[in-house]
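Reader: Hey, can you walk me through this one? I'm new to it.

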Amino acid sequence: MIARWLHPGAWWLWSLSLAAAASQTTNPLLLALLIGSAVIVVASRKPQAPWGKSFNFFLFLGAMIITIRVLFQFIFGAGMGTTILIELPGISLPDWMNGLRVGGSVTLEALLGAFYDGLRIATIAIVIGAANSLASPTRLLKAIPTAFYELGVSIVVALTFIPQLTADAGRIREMRRLRGKNTKGVRGFASLGLPVLAGALDRSIVLAESMDSRGYGRHRKESAVGHRISIGLVLTSLSLAIIGIYALLTASLSAMVAFIILGTGVLLGGVTLWRAGLTRVRTVYRPDTWALPESLVSAAGVTVLAIFLIAHSQVNQALVLTPELNTWPALPIWGLIAFTVASTPALSSPRPPDLNSSADATLKVEVRT
Amino acid sequence: MIRFDNVTFRYSDEAEPVLRNVNQEIPAGELALLLGATGSGKTTFLRAINGLVPHFTGGHLAGVVSVNGRSTQEHQPRELADLVGFVPQDPVSGFVTDLVEDELAYSMECLGVTPSVMRRRVEEILDLLGLTQLRTRPLHTLSGGQQQRVAIGSVLTAQPLVLVLDEPTSALDPGAAEEVLASLHRLVHDLGITVILAEHRLERVMQYCDSILLLEGGEISSGSPSELMQTSPIAPPVIHLGRLAGWDPLPISIRDARRAAPPLRALLADHSPAVHAVPTQAPRIATLRKLHFAYGNQSVLRGVDLDLDAGEITALMGRNGAGKSTLLRVLVGLKEPLKGSVRINGVDPRAVPTSDLLRHVGFVPQQPHDLFEALSVGAECKASDTDAKCAPGTTRALLALMAPEVADNTHPRDLSEGQQMLLALCLIVAAKPPLLLLDEPTRGLDYPTKKKLGEVLVGLAQSGHSILLATHDVELVAELATRVVIMGDGEIVANGPTPAVITDSPMFAPQVSKILAPERWITVEQIAHALEQELA
C-alpha cells in the first residue's frame, strides 16, 4: 500500500466506536484488550509528526485516572464487601453530609470496584488519545460541516495545545534547573503552572491574531430581512425543542404530539445551521478522500461496538460485562474476536508518509527540543 | 497604497500616545523599511496597517489608516485579508495547520477561493519561494529560514497588494536571512507587491529597501536611504564607515562602499587592525573531548573537541540546526552526551547537584523569560539571591549596574526584550559561574541595547569569566569575540582568532571586512582608531 494519510474521519470513527464499546463493560480483561488494540494500532501507524507524540500523554492520563479513582475510594469509600484490608480511623461527619464517609474500613471489593471503574474511564481516554495521535486534529477540520467550523476550530486549538503545553513545561523545568532549583516533587511541579500558563496565553493571542489577519471568520453580509429570518428561526426552533422535551418528561401531552413538536424544533434547528453555513465563504483545499482502507478501518470499529452491544443485550453475558468483585472475571471468546477485529487497522490502513526522509536529503531537519 | 491620515494611537493603559499625528503615504510597489529603537512603536505601526491595532489590542485610534482605499475603521483585519498579508514576528506561533501545503492554502480557504484556483496558486507559491521539496513536511520539522518562507508564502497565496513583515530575519542565520530577503526582493520586482518591514539588523536589509521610515518619539520621518542615513542615529556599520571616511554620496550597499574605498585603503595601508588582547596562559575553564550526541537516530554532534579559557569571549556560529544549541545544552548538563566527556574545572556538569550547578556553569536561554518565575523584578532578584546562595541584594545591585532604568515593581514579562535579556543575565551571573553560555542574546535587540550588552559581556570576560555565545549576529561577533568557532553538521569546521576566521568566510564576514577585504579590518572602531593615529 502506498504511504498516505488516512481520512481522519475513519480514525475517529474507529476510536469513538471503541470508546463506546469500552463504556459497556467494567470487565478488566476486556478493557485491557481494548487498550491493547489501541496500542498495537498506534505503534504501527503513528506518524512522525508532532501530534503523533501525544499518545504517551494519554497513557499517562489513563494511569492518573485510575490512581485518583482508587485513592478517592480509599479515603471516602463506602464500605461494601467483606474482605477488610485495613481499618482507617473514621471521622464522623454531621448529619447533613449524609452518605459521605471519611475513613473507616477499606475493603478489597470496594478498591477493586474502583479500579474496574477507573480502568473503564482510562480506556475511553486512551482510545480517544489513539485517534488524536493517528490523525492530525487540524485535518479533521476539513471534513467538518461549515456551520460547525468555528466550534471545531476551538476544540482543535485546545487539542493541539496539549502537546505544546507538555513541551513548554519540559523546557521551563530545564530552565528551573539552570537556576539551581529543585524541580522534583509537588512544589517543583506546582511552580511551573504560572509560566506555562502565561506562555500558552501569549501563544493563543498570537494564533488568534494570525488567524484573523488571514481571513478566518469572514462571512458574506446577510441582508436585513435574512438576518431577521435567522433570529426568528433560532428562537422558534429552540422554543419548540424546549416545549417538546418538557412535554415528554412531564407526560402533559401525548407522547406522539410531544415527539412531533420536538422533531419540528430539531428540524428547524437544522435549517438554521444550514442557513448559517450559507453565509460562510470557506472552501476546502484538497479534501481527504474516502477509499477502501477508510471503510475497513471504520468497519473494524463499528464491528467491535456491535459485538459489545449484542453481548450487552444477552442476559447470560451480564456477568461477563460487569463481573462480580469476588471472582476472577471471565474472558469470553467473543472478547478475543473483538480484540482481533479492533487491531486490524494496524494492517488494513496505509502507512503515514515518512516525513523525515524528504526528497532532498541534503536539507538538515532541525530537531526541536 | 497605504495611507496614514493624522493618526494618533494610545494604548488604553498608557498616558502617552505611541503614534502622534502620523501622516504618511507608502506608494505602491515600494519596499519600505521601518526603523526605530526598541519600544518606539514599530510593531504598533505595522499592526495598524491591517487593523490588528486597534481591533485586537484595544486602545484609542484617532485619524484614518487605509489600504487601497479600504479603511481599518470600517473593516476588521479579516476583511483586509485579501489586501494585506501580515507575517508576525514569530512565524511558528502563527501557524494554523500542521503541513506546509495546508498552511499555504489556509488563507485561500478562509477567503473562499475555488479549489482549482487554490491548487494552481499553491504550486506557484511553492515555486516562487523555493519550497517545492518541502511541500509535505510538518511545519515543526523545518528550519527557521524555511518556516519564515512558509509564513510569507501562506499570506501571499491570497494575492495581497501589501506585505507587512515584523522582523523577518531576526531569528535566522546569515544564509537563511539572505534567502528570505532575496525572496522579498523578487516579489517586489516580479509581482509589484508593496512591502513594509521592520528589522533591527539593518546591515542585512538596508541595501534592498527603496525608502526608510524612521519612528522616533511617536513621530515619523521618511526619505530615501542615503538621505536619511546622513543623520540617523540607527545605522549599520557600512553607514558609520561612510560617515567616518566622509564618503559622498553615502554608500548604502557593500558594493557601492567598496567602489568608494580605494582612498581609505591607501590611508590604512601602513596600519594594522588593533585586536582584542587574548589572554595568554589563562586558566582553562572547560574541555570537551570527542563529544557525540544524537536525538533518536539523528546524529547532532559528532566528535566535538573544544577548549574554553578564562577571559575569552568565544562566538559559536553556524547555520540553524548545525548543533549550536545542543552543544550549549550538553555543556550545561541538560543533555547527556552519547559518548565523550565534558569537564568544567575538572567536574562533569551532570554529576553536580542541581543547587550547585550555577557555581560551575550558567546558561542564558534564547527566550530569557523562560527563566523568570516571580511576579516582579524585585522578587525575581530576591529569589535569585537565594538560588545563587549569595548575599541579599547582590542580584539587584548587578541589575542596577546593567539596566538602571528598570523599576522593582515591574512584571518581568512587561520588560522590553533587551531588559529581559539583561535581567536573565543578572540572575545567572549573580552566582559568578566561571563558564557563561548565551544562546542568541541579541535577537530582537536594537543597536544601543546591543552595545550595552556587549559592554557588560566584555566586563564579565575581563573579570575572569569564560563566555561562549551562540549567535547569528556577525557584527556582534566582530566587535566582541576573541575567538570564533564555526559548526557545520555537528562538527567544528573552524576554530581560531576572530579576524582570521570571519574574514575568511563569505557567509560570516562583517560589513567592514567585506568592504576592505583582503585586509583584516572587521569593525568601524578599529578604523577610527587607525585614522586617529594617522592624523596624530
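Reader: Which residues of α4(B) meet α5(B)?
Author: In this predicted model, E101(B), L104(B), A105(B), M108(B) and E109(B) of α4(B) meet M118(B), R121(B), V122(B), I125(B) and L126(B) of α5(B). Meeting is contact, heavy atoms within 4.5 Å, and helices are DSSP runs of H or I, at least four residues, numbered from the N terminus.

Reader: What classes are those residues?
Author: Seven are nonpolar, none polar and three charged. Ala, Val, Leu, Ile, Met, Phe, Trp, Tyr, Cys and Pro count as nonpolar, Asp, Glu, Lys and Arg as charged, and the others, including Gly, as polar.

Reader: At what angle do α4 and α5 of chain B pack?
Author: About 130°, with the axes 10 Å apart. Axes are lines fitted to C-alpha atoms, for helices over the stretch in contact, and angles run from 0 to 180 degrees between N-to-C directions. α4(B) and α5(B) are therefore oblique to each other: under 35 degrees is roughly parallel, over 145 roughly antiparallel, 65 to 115 roughly perpendicular, the rest oblique.

Reader: Switching to the sheet, what's the strand order?
Author: The order is β2-β1-β4-β5 in chain B, an open sheet of four strands with antiparallel pairing. Strands are DSSP runs of E, at least two residues, and two pair if DSSP finds at least two bridges between them.

Reader: How many bridges join β1 to β4 in chain B?
Author: Seven. F4(B) is opposite V65(B) of β4(B).

Reader: And the ground rules?
Author: Residues are numbered from 1 along each chain as its sequence is written, while chains are lettered from A and ligands numbered from 1 in the order written. Local features need pLDDT of at least 70, side-chain atom pairs count only at pLDDT 80 or more, totals for chains, interfaces and linings use all residues, and side-chain values use heavy atoms, leaving out hydrogens and water.
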